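Please consult the sequence and the structure alongside the text.

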Amino acid sequence: MMEGANTSDVFEVRLEPVPLSIYLFAHASIISLGIFGNLVVIHTIYTRCKRTPNTIFLCSLAFTDLFTAILAVPPWLYARVVVSPMTCLSQYRTLFFAPVFIFCATSVVHLAIITVDRFIAVSYPLKYHLIMRKSRCTAIIISAWLFSFVFGVIPIIGSLIDPDQWVCGTANYAAGAATVHLVLVAGGPPVITVILLLLYVRIFRIANRHLKKVSETRAPGMSSERIQQLETESRMRTTVTAVLVVTVFGICWLPVSIKTIVDSFVEPPDSVQFAYQSVSEFFSIANSALNPMIYAMRYPKFRSTYVFMLRAVCPSLLNKSDRESVTHVTGVATLERQHVPTKSVDNFASYNNK
């Protein structure tokens with residue numbers, strides 16, 4: 001272990017030029033995809049979606065992932081690659097990772113919120129809008145951010161115990177608060193994923209029961225039953241999307257949990273630890289860029305907005321049919337903001353307004 005007084009002039013990069021270039025390029029790609037994809041989600045919700053609790057939560061999650069790409073990943077990369085007193089002394093190092101902890105915790109809390117929202121929507125469809133009022137949704141989001149902020153500063157509190165401890169390349173850094181934080185990081189994602197998926201099993205059973213009941217009572221000319229069936233199917237589609245998001249989250253964060261557990265029992269060489277640590281953390285950061293891709297695969301609105309923004313960024317990437325699609329998307333978005341009904345808007349409504 002090195003003391004801060006003996007390392008005031010230390011400054012080195014952990015990787016050689018070629019590995020460093022690959023490392024930075026891979027993470028720069030994730031940052032770019034995260035920024036672009038989440039801007040697509042935010043733009044689509046703001047311009048083309050009805051304000052519902054589900055879209056409010058999705059927009060807040062998109063902002064969380066956007067902040068992860070812009071504010072959390074760059075300082076985290078710097079602290080991983082550079083060895084210096086600023087990045088390796090306990091009192092400073094945790095500051096580089098605090099944004100990652102805060103925004104990743106916020107993402108987890110949002111996934112839980114979206115799951116509960118889907119459960120209420122499917123289980124209590126008639127009372128849903130009374131339970132999930134906009135004011136209550138706002139309070140829930142604010143509470144989620146406050147909780148995540150407290151979680152993110154736990155390691156900072158732990159670092160104050162021994163602020164001059166040199167922690168780069170050491171496996172025995174175990175301040176009390178930091179140890180609690182590591183336990184939560186190791187066990188939290190797998191446990192949360194399993195709990196949320198089990199809750200979705202319950203949601204699917206309730207939704208299927210509703211669909212079966214509507215199908216059995218539906219008769220020719222009973223438009224209200226048909227509308228109820230379409231609403232239930234729409235909720236099911238939204239629920240399937242949420243399941244995909246939770247599943248991808250579990251897959252992306254599982255390597256970090258495994259890595260944290262392994263580090264508790266094994267003290268590998270610094271180069272080996274850096275290698276598998278980088279891979280596991282790459283997957284966790286990639287999660288913020290994957291959510292918009294899931295929305296694009298599931299919903300035409302998000303998919304067409306991707307085309308629209310690609311056209312704005314790089315027109316040469318799109319062919320003639322894509323450009324015609326962009327023109328159509330722009331026109332539909334204008335009509336939607338003016339509340340003018342169109343055939344395309346009606347087709348999209350059943351997918352995105354629940």
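The account below moves from the whole chain to its cores and then to its ring pairs.

The model is predicted: local features need pLDDT of at least 70, side-chain atom pairs count only at pLDDT 80 or more, and totals for chains, interfaces and linings use all residues. Residues are numbered from 1 along each chain as its sequence is written, and side-chain values use heavy atoms, with hydrogens and water left out.

**Overall architecture**

The chain holds 13 helices and two strands; these are DSSP runs numbered from the N terminus, helices being H or I of at least four residues and strands E of at least two. Of its 354 residues, 47% are buried, where buried means under 20% relative accessible area, exposed over 50% and partly exposed in between (1.4 Å probe, protein chains only). Contact denotes heavy atoms within 4.5 Å. Among contacts between residues at least 6 apart in sequence, 78% join residues at least 24 apart. The chain exposes about 17,800 Å², of which carbon and sulfur atoms supply 69%; accessible areas come from the Shrake-Rupley method with a 1.4 Å probe, and for residues only the protein chains shown count as cover.

**Nonpolar cores**

A nonpolar core is a set of buried Ala, Val, Leu, Ile, Met, Phe, Trp, Tyr and Cys residues joined through side-chain atoms within 4.5 Å. The largest has 62 residues, and Tyr-23, Phe-57, Trp-76, Ile-114, Tyr-200 and Tyr-295 touch the most other members. Helices supplying at least two residues each include helix 1 (17-48), helix 2 (53-81) and helix 8 (176-217). Helix 4 gives the largest share, 14 residues. Beyond its neighbours within four places in sequence, Trp-76 contacts residues including Tyr-23, Phe-96, Val-100 and Glu-281. A separate core of five residues includes Val-83 and Cys-168.

**Aromatic pairs**

Rings of Phe, Tyr and Trp (its six-membered ring) pair if their centres lie within 6.5 Å; planes under 30 degrees apart count as stacked, over 60 as edge-to-face and the rest as tilted. The count is nine aromatic pairs, two of which are tabulated.

| Pair | Centre distance | Plane angle and class |
|---|---|---|
| Phe-63 and Phe-67 | 6.0 Å | 40°, tilted |
| Phe-67 and Trp-145 | 6.3 Å | 65°, edge-to-face |

Phe-63 and Phe-67 lie four residues apart in helix 2, and therefore about one helical turn separates them. Phe-67 in helix 2 and Trp-145 in helix 6 are 78 residues apart, and their pair links distant parts of the chain. Phe-63 is partly exposed at 34% relative accessibility, as are Phe-67 at 29% and Trp-145 at 24%. Ring pairs link Phe-63, Phe-67, Phe-103 and Trp-145 into a cluster.
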